[in-house]
Amino acid sequence: MKTLNMTVDGMMCSGCSARLQRAMEALPQVESCRANHEDKSVVLELKEEMSNEAVSQALDEAGFTVISFN
Ligand SMILES: [Cu+2]
């Protein structure tokens, strides 16, 4: 299992972070996702390989923007 830590733009409230988590957890590669709108942090647990580009694109499609992979 691989853990990705990111800073993600586009979350204004806990509704946004819940929506982000649901969008990411719907992906087959994702085991779990924790998002915090206050510090813009997203922690992704992957059960299958997923490139940073693919993660970035999936977040983009959900309406969010990856600022950095940390
Ligand atoms: Cu919101």
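This is a predicted model: local features need pLDDT of at least 70, side-chain atom pairs count only at pLDDT 80 or more; totals for chains, interfaces and linings use all residues.
Two residues are in contact here if their C-beta atoms, placed from the backbone, lie within 7 Å, and with that in mind one of the helices to visit, α2 (residues 52-61), can be said to lie across β1 (2-9), β3 and β4.

**The whole chain**

Begin with the protein chain as a cartoon, in which two helices and four strands are to be found, and follow the elements from the N terminus in the order β-α-β-β-α-β. The radius of gyration of the chain is 11 Å, close to the 11 Å that the globule rule gives for 70 residues, so the chain is as compact as a globular protein of that length. If you draw a box along the principal axes, the C-alpha atoms fill roughly 30 × 20 × 20 Å. Buried residues account for 21% of the 70 residues, and of the contacts between residues at least 6 apart in sequence, 57% join residues at least 24 apart.

**The sheet**

Now select the four strands, which form an open sheet in the order β2-β3-β1-β4 with antiparallel pairing. At the edges stand β2 and β4 (65-69), each of which has a single partner strand, so one side of each is left without a neighbour in the sheet. Neighbouring strands are turned against each other by 30° on average, with direction ignored.

Going through the pairs one at a time, look at β2 and β3, which run antiparallel and are joined by six bridges; within this pair, A35 stands opposite V42 in β3. Move on to β1 and β3, an antiparallel pair that six bridges also join, and pick out T7, whose bridge partner in β3 is S41. The pair of β1 and β4 is antiparallel too and has four bridges, with D9 finding its bridge partner in T65 of β4.

**The two helices**

Bring back α2 (residues 52-61), which lies across β1, β3 and β4 and runs at about 150° to β4. Then turn to the strand pair β2 and β3, joined by six bridges, where helix α1 (residues 14-25) packs on the sheet, touching both β2 and β3, and its direction makes about 165° with that of β2.

**The nonpolar core**

Select next V8, L20, C33, V42 and L44, which have the most contacts inside the largest nonpolar core, a set of 14 residues. At least two residues of this core come from each of β1, α1, β2, β3 and α2, and the element that gives the most is β2, with three residues.

Stay on V8 and display its surroundings: leaving aside neighbours within four places in sequence, V8 is in contact with K40, V42, L59, F64, T65, V66 and I67. Two of these partners, K40 and I67, are stops of their own below.

**L4 in β1**

Which residues does L4 contact, leaving aside its neighbours within four places in sequence? Select L44, L46, V55 and F69, for these are the residues in contact with L4, which has its place in strand β1. L4 has 17 other C-beta atoms within 10 Å and is therefore partly exposed, since a residue counts as buried only if 20 or more such atoms lie within that distance. A distance drawn between the C-alpha atoms of L4 and C33, which are 29 residues apart in sequence, comes to 9.5 Å.

Not counting residues up to four places away in sequence, I67 touches T7, V8 and D9. From the C-alpha atom of I67 to that of M11, 56 residues away along the chain, the separation is 12 Å.

**K40 in a loop**

End the tour at K40, in the loop between β2 (30-36) and β3 (41-46). The phi angle of K40 is near 65°, a positive value in a residue other than glycine. Most residues other than glycine have a negative phi, which is a reason to inspect the backbone at this last stop.

Notes:
Residues are numbered from 1 along each chain as its sequence is written. Two strands pair if DSSP finds at least two bridges between them. Axes are lines fitted to C-alpha atoms, for helices over the stretch in contact, and angles run from 0 to 180 degrees between N-to-C directions. A residue is buried if 20 or more other C-beta atoms lie within 10 Å of its own, exposed if 12 or fewer, and partly exposed in between; C-beta atoms are placed from the backbone. A nonpolar core is a set of buried Ala, Val, Leu, Ile, Met, Phe, Trp, Tyr and Cys residues joined through C-beta atoms within 7 Å. The radius of gyration is taken over C-alpha atoms; the globule rule is 2.2 Å times the number of residues to the power 0.38.
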